[in-house]
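Let's take a walk through this structure, one contact at a time. Keep the 3D view open and follow along.

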Amino acid sequence: MSLLPELRYPSVNELVSSARALAAHRPGLCALRQVGSSRAGRPLHLLSVGHARRAVLVVAGAHANEPTGGSTLLALAERALYDHELRTATSWHFLLCADPDGASLHVTPAPRSLLDYHLGFYRPAGAEQPEWSPSVLPPDRLPPETLALIRVIDELRPYLQVTLHGTDVGGSWVQLTRDVPGLAEPFAKSAAQLHIPVETGASDAAGWPASGPGVHVMPAPGSDAAYPSMPDDARHSTWYHAHRYGGLTAVVEVPMWASDLVDDPAPHPAPAAALRRLAGRLLRDGLEVERVLADALPRLKGAEGPLLRAAQWALELVPGLAADWTHTPPADTTMAYVGSVDAFGRRLPLRAAAMLLRVLRETDDRAAPRLEHLVTVWSEAFMDRFRARWVPLEHQVEHQARTVVAAARHAREGAARRS
């Protein structure tokens, strides 16, 4: 019988309560402890199952707007608790939420539509994201959440770190800091069984080598980036910290709404022209939000905060990204890649508009209705263009959990072959 609550997107407090229940059920096997505090003083908790030195670290909540990871983490913790084979010679460690401050600001845990999702949307600026901050900040300015995560990695020295991420509309894919031979097959099988498309040309992994459909291996540090304008580079994130101890990181992405447009490996008839069109739309959409911001900003004195910073940060990315798509040869020429870039180009100004709308609503600003219209129209157009369909939460969780377990097994086998 499960000790966990009914499957849904849990709050951080619910994550902690569930983890505490698991630890209390098997105190000799499980332990829950605080490993740090956020900038606002919220505790960061680590749940450990097993005592073996060989460790797997699973991180949830690195991005506040990606809620599936919390549910997956609890499901994995319970499996590790009851499946003796899973923890044979391996301990499992679960960082319940890497960014509890961010989680407190993203307020759509059970969206009924993409519009619902965006009306409560929050994703911090890059420098405030725990995993990404080392790629944009000097070591002496890293936030406490990042430092806590680094300390946990230094303590556990995991052979595998898995960070649970997600996307709003699209498919599932995996990003690896080092290849895990054998992972592509169970990943693809799970996605097919659960009717989740595989994002074979993920724009997040543009130009990266693939060890199988949807399984992307990050280029070595020093390689040219596909999007030179982007300020944050995965190769300088906390994902690479496990390499100090011979480990690697797997980033497991799963969609809330699925679209087959990102799972089409056929060649695009004119990818460069398509990317130029998408760049033009990105600039136009970004400019619409910029105009609202410029009009409202003089009235927002005193309303500065994480929502406004995040909206401005997203808008700052638009010109450079549009230039990358216009002047850089396509990193991929498939229909799937163009579809993924299309989603990226819709997502960025929509998120900026959604976060700015929340600021305008809080201040009862006169520009709010105009921005609400944009968020509504863009959300509906996004869903229509991608023929998006809801992925049941139990399928999101099951696919993510299966992929984590497969990654742990194949990474362990790979490490054994190298030793």
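Start where helix 7 meets helix 10: on one side are Asp285, Glu288, Val289, Arg291 and Val292 of helix 7, and on the other are Arg370, Leu371, Leu374 and Trp378 of helix 10. Sorted by class, this contact has five nonpolar and four charged residues, with no polar ones. Bear in mind as you look around that this is a predicted model.

How do the two helices lie against each other? Helix 7 covers residues 271–296 and helix 10 covers residues 368–385, and their axes come within 10 Å, crossing at roughly 160°. Angles over 145 degrees count as roughly antiparallel, so that is how helix 7 runs relative to helix 10. The crossing itself is left-handed.

Is Leu275 buried or exposed? Its relative accessibility is 2%, and because buried means under 20%, Leu275 counts as buried. Leaving aside residues up to four places away in sequence, Leu275 touches Trp325, Pro330, Tyr337, Val338 and Val341. Leu356 is another matter: it sits 81 residues from Leu275 along the chain, and the C-alpha atoms of the two are separated by 27 Å.

Helix 1 (residues 12–25) and helix 2 (residues 68–82) have axes that come within 11 Å and cross at roughly 5°. Angles under 35 degrees count as roughly parallel, so helix 1 and helix 2 are roughly parallel to each other. Which residues make the contact? Helix 1 brings Leu15, Ser18, Ala19, Leu22 and His25, while helix 2 brings Gly70, Leu74, Ala77, Glu78, Leu81 and Tyr82. By class, that gives seven nonpolar residues, three polar and one charged.

Next up are the salt bridges. Side chains of opposite charge can pair when their charged atoms come close. In this model, the count comes to 18 salt bridges. One of them joins Asp101 and Arg42, whose closest N and O atoms are 2.8 Å apart. Asp101 lies in helix 3 (residues 100–105), and Arg42 is in the loop between strand 1 (30–37) and strand 2 (43–49), so this pair ties together parts that are 59 residues apart in sequence. The two partners can be told apart by their accessibility: Asp101 counts as buried at 12%, whereas Arg42 is partly exposed, with a relative accessible area of 34%.

The side chains of Asp295 and Arg299 meet in a salt bridge, at 3.1 Å from N to O. Asp295 is partly exposed, with a relative accessible area of 35%, and Arg299 is partly exposed too, at 30%.

Notes. Residues are numbered from 1 along each chain as its sequence is written. This is a predicted model: local features need pLDDT of at least 70, side-chain atom pairs count only at pLDDT 80 or more; totals for chains, interfaces and linings use all residues. Side-chain values use heavy atoms; hydrogens and water are left out. A salt bridge is a side-chain nitrogen of Lys or Arg within 4 Å of a carboxyl oxygen of Asp or Glu. Helices (H or I, at least four residues) and strands (E, at least two) are DSSP runs, numbered from the N terminus. Buried means under 20% relative accessible area, exposed over 50%, partly exposed in between (1.4 Å probe, protein chains only). Axes are lines fitted to C-alpha atoms, for helices over the stretch in contact, and angles run from 0 to 180 degrees between N-to-C directions. Angles under 35 degrees count as roughly parallel, over 145 as roughly antiparallel, 65 to 115 as roughly perpendicular and the rest as oblique. A crossing is left-handed if the near helix is turned anticlockwise from the far one by less than a right angle, and right-handed if clockwise. Contact means heavy atoms within 4.5 Å. Ala, Val, Leu, Ile, Met, Phe, Trp, Tyr, Cys and Pro count as nonpolar, Asp, Glu, Lys and Arg as charged, and the others, Gly among them, as polar.
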